[in-house]
Amino acid sequence: MNTDLPATDAAPRRVVVTGLGVITSIGIGIEAFTAGLREGRGGVKPITAFDTTGFDYANGCEVTDFDPARWIHRVDPDELGRASQFSVAATRMAIEDAGLTVDEVRARRSLVSVGTTDGESRDLDQLVETGLETGPEGYDPVIAGRVPAGRLSSGIVREFALEDVEAVTIPTACAAGNYAVGYGYDALRSGDVDLALVGGADALCRKTFTGFYRLGTIAPEVCQPFDKDRKGILTGEGAGILLLESLDSALARGARIYAEVLGYGLACDALHPVAPDRDSIARTIEIAHRNAGVTPDQIDFVSAHGTGTKANDITEAGAIRQIFGADTMPRTVSIKSMIGHSMGAASAVAAAACAVALTEGLIPPTVNHHETDPECGVDCVPNEARTAELDIVQNNALAFGGNNAVVVLGRYRPERRRAERDRSVA
């Protein structure tokens, strides 16, 4: 096979991450977030977003220092629900982090793809409460107008006055952030767009907290993924937006490259409403590896879904073992131990953490860890971050209904180009 084929318009483009916008309980903005990962900072505190009277415990990972007016300039922040505020603000952060101006973004064909679990359920909570107290005539029209989940993406379009743009909100629950990254990857590889703003956003709400509480999966104090004494999740909130562009575009403007998106995999087994399935998770990982053109031995660490529930952690660890082998499992971490489970934002924030890890040579820790559950049997990098030379990392996202998504990111290396062309003409 001739491996020196000339590039053509039909050849798939390489896709890279050049901007990151992150809002979490351990830091707002990529610098604060990176410092939080390095320190193993915890974002746990008593929930103040709604009345927690009647619950035996109500800790969460709430963002308490977010000022939307700092980041949202063209649209009145009050016209947006909290999740939409997060998505718009994180987008501005990503654009600025990428070294682009808003005018430069506006001049390109673009995609906005935002994943979510709850949309604006926080506003829905308030409308339901009002309806019970006064009836529908008591609804605040401003709040009612904020409810459509499509505003998580359309709010970005409005704030930055984007014109040549496709805007989608992806509602695939806790895997939605990775879905959004995959959507942007495909659009850029095919040349349909020049730039993609992708990720996820969600806000703390009573509905989701109560649902997990009634399932018996809310931890009383902290989240302890893969720990023998883990007791469940903590709900969190925030956003992660990644600015993706073609490698040629990034090189032409001298952009800093955090990582290359090598590929992704999706699967939906629909075997059970809430219980994860090991074989389905393993199949998703296999699809992602095949799509990315990598083999298990090339993965330096796995950013696990790692919710801290008994069922998820054992099942996910079992799927990883099934793919990688019991004696060659990569380090497997969960940043939910620090930031909680931010639902549709979770895998997008984790993807940002993976990009940071590749750039900084840093494996984030799994904090609150005392003793690893032997049924999990993973090296979860307990409590302290590790310095490591990293090349390829894997980001897992698992959702109810078996809706799974895995993204593979790699450190940018010019020599990957030949392997990419080999796959494109195989």
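V114 has G199 of strand β7 as its bridge partner. The structure is a predicted model, in which local features need pLDDT of at least 70 and side-chain atom pairs count only at pLDDT 80 or more, while totals for chains, interfaces and linings use all residues. Residues are numbered from 1 along each chain as its sequence is written, and side-chain values use heavy atoms, with hydrogens and water left out.

Two strands are said to pair if DSSP finds at least two bridges between them. Strand β5 is also joined by six bridges to β6 (residues 165-170), and these two strands run parallel. One example is G115, whose bridge partner in β6 is I170.

How many of the residues of β5 are buried? The count is six of six, where buried means under 20% relative accessible area, exposed means over 50%, and partly exposed lies in between (1.4 Å probe, protein chains only). In a regular strand the side chains alternate between the two faces of the sheet. In β5, S110, V112 and V114 are on one side, L111, S113 and G115 are on the other, and both faces are covered.

From β7 the reader can move on to β8. Eight bridges join β7 to β8, and here the strands run antiparallel. V198 stands opposite L242 in β8. Strand β1 (residues 15-24) also pairs with β8 in the antiparallel sense, over eight bridges, and V17 stands opposite L244. Nine of the nine residues of β8 are buried, so this strand is largely enclosed by the rest of the structure.

The loop between α9 (206-214) and β8 (238-246) contains E237. Is E237 buried or exposed? E237 counts as buried because its relative accessible area is 2%. Leaving aside neighbours within four places in sequence, E237 is in contact (heavy atoms within 4.5 Å) with several residues, including I23, T24, R82, R122, D202 and S342. The side chains of E237 and R82 are joined by a polar contact of 2.9 Å. A polar contact is a pair of N or O atoms within 3.5 Å; within protein, one must be able to donate a hydrogen and the other to accept it, and residues adjacent in sequence count only if both atoms are side-chain atoms.

D229 lies in the loop between α9 and β8 as well. With a relative accessible area of 39%, D229 is partly exposed. A polar contact of 3.5 Å joins its side chain to that of K228. D229 and T315 are 86 residues apart in sequence and 16 Å apart in space, C-alpha to C-alpha.

G81 sits in another loop, between α2 (68-71) and α3 (82-97). G81 counts as buried because its relative accessibility is 0%. Apart from neighbours within four places in sequence, G81 is in contact with E120, D123 and R146.

The last stop is V274, in the loop between β9 (259-268) and α11 (278-292). V274 has a relative accessible area of 37%, so it is partly exposed.

Methods: Helices (H or I, at least four residues) and strands (E, at least two) are DSSP runs, numbered from the N terminus.
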